[in-house]
Amino acid sequence: MQAVRAVIQRVTKARVEVGKETVGEIGPGLLILLGVTHSDGEAQARLLARKTAGLRIFTDEQDKMNRSVLDTGGSALVVSQFTLYADCRRGRRPSFTEAAKPDEADRLYRYYVEQLCREGIRRVETGVFGADMKVSLLNDGPVTILLDTKELTDRES
């Protein structure tokens, strides 16, 4: 069984550009690189959005990671990242055959973004699916978390 994958970075700010145009930009919050494979569906995207929104990786008054992006009122910037499904087991050139086909990947990417909004994240920005993007960020901490729905259960969200 495959799963939706996300690399989540706590950021002070993040921006994504296509060409010389800024298409998405946030202040404090989460930069989310999202990868989708063939067998993924809406249930996995919903589960991942719920887990992402509730993930307690922001510090509280005692400097403990005890607050979520919902608690802080932070934003999210979601960037599609098919290379999260790179297979590097053979040779030196990665294979991307495990990444979902573009139409389905784009649909689930958009669905995940919609679910983040439904979870209560007030501002969710995106990149441009399939475009050559330049992503810049100021990682806060640094805090970087890898989530894979294959390893999550619904009761943990």
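Q: Helices (H or I, at least four residues) and strands (E, at least two) are DSSP runs, numbered from the N terminus; in which helix do Arg110 and Asp106 lie?
A: The structure is a predicted model, in which local features need pLDDT of at least 70 and side-chain atom pairs count only at pLDDT 80 or more, while totals for chains, interfaces and linings use all residues. Residues are numbered from 1 along each chain as its sequence is written, and side-chain values use heavy atoms, with hydrogens and water left out. Arg110 and Asp106 are 4 residues apart, which means about one helical turn, and the helix that holds them, spanning residues 102-119, is α3.

Q: How far apart are the closest N and O atoms of Arg110 and Asp106?
A: Side chains of opposite charge can pair when their charged atoms come close. A salt bridge is a side-chain nitrogen of Lys or Arg within 4 Å of a carboxyl oxygen of Asp or Glu. Arg110 and Asp106 form such a bridge, and their closest N and O atoms are separated by 3.1 Å.

Q: How many salt bridges does the structure hold?
A: Another of them links Arg123 to Glu125, with closest N and O atoms 3.4 Å apart. Salt bridges that share partners also join Glu42, Glu104 and Arg107 into one network. In the structure as a whole, the number of salt bridges is 10.

Q: What word describes how α1 and α3 lie to each other?
A: Two packed helices are described by the angle between their axes and the distance between the axes. Axes are lines fitted to C-alpha atoms, for helices over the stretch in contact, and angles run from 0 to 180 degrees between N-to-C directions. The axes of α1 (residues 42-54) and α3 come within 8 Å and cross at roughly 40 degrees. Angles under 35 degrees count as roughly parallel, over 145 as roughly antiparallel, 65 to 115 as roughly perpendicular and the rest as oblique, so the word for α1 and α3 is oblique.
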